[in-house]
Amino acid sequence: MKHEEANKEIGGREAKGQRSKRAEKQKGKRVGENSKIQNPQSPIPSPQSPIPNPQSPIPNPQSPAPNLDNWLEIGKIVSPQGLSGELRVYPVSDFPERFEVPGKRWLLRSGDTEPQPIELLTGRYISNKNLYVIKLAGVETCDQAEALRGCTLMVPASDRPQLGEDEYHVLDLIGLEVFMQVSGELVGTVVDIIPAGNDLLEVKLHPSFTTDKGQMTNDIDAPAASRRVEQVTNDKKQKTVLIPFVEAIAPIVDLKSNRIEITPPPGLLEINN
């Protein structure tokens with residue numbers, strides 16, 4: 001799966017049998033990207049575009065909140081890098097090209113209601129820190145870079161890289177119902193995707209589903225061979241479980257039918273609940 005947050009995505013398979021995700025972020029929701037659309041008429045910002053003054057006044061807390069429904073957050077500027085205006089960016093996108101391929105990006109400054117175009121000149125990844133170091137047009141000094149600390153890098157929501165085979169967008173997965181493949185029993189609903197070595201589906205259990213089936217109780221009126229399973233449910237608080245999003249455990253992902261079918265190994269649902 002592949003992520004970009006404030007909209008997030010899911011993409012590229014990293015190991016045999018492993019489904020992969022990519023994401024970019026939109027207003028705290030996870031969504032995916034599914035197309036690459038570029039507008040040749042969009043203006044390219046001049047390298048001389050003005051850089052915010054570090055002494056500029058703090059925005060009024062009553063100022064309008066930005067409307068980011070049509071934007072994907074790809075990263076946040078966390079600090080300057082060196083003295084030549086380079087910037088350190090914490091990525092919330094799984095697409096390296098967002099930070100390494102020159103071209104237009106958009107910058108959302110604190111207090112602004114919409115992102116402004118800016119040109120990405122260069123970028124490189126620092127693997128041991130999970131950061132990118134980028135160079136933006138018009139940012140030539142450490143002071144100019146410092147003025148951009150905390151700003152957010154954005155791209156239009158329509159600008160979504162094409163995903164490969166067996167790749168899914170996060171938003172497409174969230175809300176899918178999860179069923180046991182063999183019995184057809186409804187397990188619950190996907191509420192989040194947890195990035196890990198193998199991505200994990202966070203599934204909110206349906207009230208009718210019991211994950212405590214492994215807890216056996218003795219029926220004193222019945223022989224040991226007819227011990228029954230005590231079905232324990234929690235009506236006050238629905239629990240969630242984490243299910244590895246790999247082909248062996250989630251072999252069926254049917255977006256049209258809004259369902260995922262799983263074949264969890266014995267004990268998986270009980271252990272992680």
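**Salt bridges and their surroundings**

Mentor: Glutamate 146 has a relative accessible area of 34% and therefore counts as partly exposed; that class lies between buried, under 20% relative accessible area, and exposed, over 50%, as found with a 1.4 Å probe and protein chains only. The model is predicted, so local features need pLDDT of at least 70 and side-chain atom pairs count only at pLDDT 80 or more, whereas totals for chains, interfaces and linings use all residues. Residues are numbered from 1 along each chain as its sequence is written, and side-chain values use heavy atoms, with hydrogens and water left out.

The side chain of glutamate 146 meets that of arginine 149 in a salt bridge, at 2.7 Å from N to O. The term denotes a side-chain nitrogen of Lys or Arg within 4 Å of a carboxyl oxygen of Asp or Glu. Side chains of opposite charge can pair when their charged atoms come close. Arginine 149 is likewise partly exposed, at 44% relative accessible area.

Five salt bridges are present in the structure. Another of them joins lysine 135 to glutamate 140, with 3.7 Å between N and O. Here lysine 135 is buried, with 13% relative accessibility, while glutamate 140 is partly exposed at 47%.

A further salt bridge links arginine 98 and aspartate 159, whose closest N and O atoms are 3.2 Å apart. Arginine 98 belongs to helix 1 (residues 97-100), and aspartate 159 lies in the loop between strand 9 (152-156) and strand 10 (167-169), so this pair ties together parts that are 61 residues apart in sequence. Both arginine 98 and aspartate 159 are buried.

Of the 273 residues, 44% are buried. Among contacts (heavy atoms within 4.5 Å) with a separation of 6 or more, 61% are between residues 24 or more positions apart.

A disulfide is a covalent bond between the sulfur atoms of two cysteines. With the cut-off of a pair of cysteine sulfur atoms within 2.5 Å, the structure has zero disulfides. Cysteine 142 is partly exposed, with a relative accessible area of 27%, whereas cysteine 151 is buried, at 4%.

Methods
Helix = DSSP H or I, 4+ residues; strand = E, 2+ residues; numbered from the N terminus.
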